[in-house]
Amino acid sequence: MFLRFFWGLLVLAALSPARAQLIGEVPLQQVVTPHFTVVHPPRLEGYARRVAAMAEAVREAVSGIVGNQPPRTYVLVGDETDEFNGFAMVFPYPVIRIYATFPQPGLIGVQWQDVLEVLLVHEYTHIAHLTTHGDDPLTAILGRYPGSNTARVPPAWFIEGYAVYLESILTSGGRVADTTTRTLRAQIAREGKWPTLSDAGIGPLERYPGGNTRYSFGAGFVAFLADEFGEDGLRKVIRAYNAGGFDFSEAWERALGTRLEPLWELWSGLELARAQAEAEALRRTELPQAERLSAGSSPAWR
């Protein structure tokens with residue numbers, strides 16, 4: 001991760017809007033739009049232009065829900081890995097890293113119409129969520145400086161859960177209702193191994209497949225919270241958390257007058273009831289055993 005971060009800083013330091021630059025032996029070019037600068041090697045120019053157009057298309061929708069207009073964002077596009085993924089960082093400048101690789105079956109739902117759209121919504125949600133235009137005391141002296149627009153970082157379940165929630169309501173894809181996500185939570189609920197809210201807040205927790213606690217459980221919980229308190233409620237919590245020196249649970253209580261832990265217990269109980277009802281319905285079917293076993297798996301895996 002540090003090498004990726006350092007490479008990103010090096011790209012930003014070396015680039016000039018007037019011409020392509022060289023970092024080592026890699027020539028880089030740019031696609032510039034009103035709100036994004038997409039940096040790419042020449043061989044990926046077509047893909048980079050598609051990324052730029054899609055980024056502009058998703059920006060207004062994401063910003064409208066999060067309630068923040070981030071500054072210019074740099075998108076670094078490459079194909080030096082076989083992993084379809086991306087990540088975002090907001091220090092020292094907002095940067096999204098995109099890997100131009102086709103996703104492996106089972107990782108992405110086959111019914112998603114545009115996996116790039118889902119990926120950009122997810123990563124740009126991080127940018128909109130974790131940047132702020134609120135002035136800190138130093139900006140009055142130094143003006144805008146790298147990192148001056150960085151917001152406070154909440155627990156991992158909210159960081160990833162919020163991004164998965166937006167990817168799910170703004171696109172035809174998303175993981176909130178994805179079969180794999182729901183099946184994972186249902187199985188863990190039936191086994192009585194539901195994580196605590198503290199577990200879901202630990203970023204590198206790998207207790208569940210692929211460290212999915214913060215994605216699968218975070219997304220389901222954020223969707224539940226959005227249903228209960230509305231998207232405006234989530235925005236109030238983010239503003240309260242960024243404005244104060246208290247932790248995220250206290251910010252939640254101050255903003256909405258309720259505690260998070262009982263809400264987590266309520267949601268986990270609802271998920272367990274759903275899992276048990278689905279298991280009972282499956283046992284009552286007349287499907288052959290092989291079909292019953294595969295009924296909860298990802299469409300790609302079927």
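**Figure 1. Helices α6 and α8 cross at roughly 95°.** The axes of these two helices come within 10 Å; here axes are lines fitted to C-alpha atoms, for helices over the stretch in contact, and angles run from 0 to 180 degrees between N-to-C directions. That angle makes α6 roughly perpendicular to α8, a label for angles of 65 to 115 degrees, with under 35 counting as roughly parallel, over 145 as roughly antiparallel and the rest as oblique. Helices are DSSP runs of H or I with at least four residues, strands are runs of E with at least two, and both are numbered from the N terminus. On the α6 side the contact is made by T181, L184, R185 and I188, and on the α8 side by S216, F217 and G220; contact means heavy atoms within 4.5 Å. These residues divide into 3 nonpolar, 3 polar and 1 charged. In this sorting, Ala, Val, Leu, Ile, Met, Phe, Trp, Tyr, Cys and Pro count as nonpolar, Asp, Glu, Lys and Arg as charged, and the others, Gly among them, as polar.

Before the next views, a note on the model. This is a predicted model, in which local features need pLDDT of at least 70 and side-chain atom pairs count only at pLDDT 80 or more, while totals for chains, interfaces and linings use all residues. Residues are numbered from 1 along each chain as its sequence is written, and side-chain values use heavy atoms, with hydrogens and water left out.

Figure 2. The side chain of R185 makes a polar contact of 2.8 Å with the side chain of E271. A polar contact is a pair of N or O atoms within 3.5 Å; within protein, one must be able to donate a hydrogen and the other to accept it, and residues adjacent in sequence count only if both atoms are side-chain atoms. Leaving aside neighbours within four places in sequence, R185 is also in contact with other residues, including W194, F217, W267 and R274.

**Figure 3. T181 sits in helix α6, which spans residues 179–190.** With a relative accessibility of 8%, T181 counts as buried. A polar atom of the T181 side chain lies 3.1 Å from the backbone oxygen of R175. Not counting residues up to four places away in sequence, T181 touches R175, V176 and S216.

**Figure 4. F217 belongs to helix α8.** Its relative accessibility is 0%, so F217 counts as buried. Look for W194 in this view too: F217 and W194 are 23 residues apart in sequence, yet their C-alpha atoms are 9.3 Å apart in space.

**Figure 5. The largest nonpolar core has 62 residues.** A nonpolar core is a set of buried Ala, Val, Leu, Ile, Met, Phe, Trp, Tyr and Cys residues joined through side-chain atoms within 4.5 Å. Helix α8 (residues 213–243) gives the most to this core, with 12 residues. The residues with the most contacts inside the core are W157, Y162, F221 and L225. Not counting residues up to four places away in sequence, F221 touches W157, L197, L260, L263, W264 and W267. A second, separate core of 7 residues includes V39, F87, V95 and Y99.

**Figure 6. Helices α9 and α10 pack at an angle of about 90°.** Helix α9 covers residues 248–256, helix α10 covers residues 260–283, and their axes are 9 Å apart. The two helices are therefore roughly perpendicular to each other. F248, S249 and W252 of α9 meet L260, E261 and L263 of α10. By type, the residues of this contact divide into 4 nonpolar, 1 polar and 1 charged.

**Figure 7. E56 is found in helix α2, residues 45–66.** At 22% relative accessibility, E56 counts as partly exposed. The side chains of E56 and T33 are joined by a polar contact of 2.7 Å. E56 also touches P34, H35 and F36.

**Figure 8. A cis peptide bond runs from F91 to P92.** Its omega is near 0°. P92 lies in the loop between β5 (86–89) and β6 (95–99).

Conventions: Buried means under 20% relative accessible area, exposed over 50%, partly exposed in between (1.4 Å probe, protein chains only).
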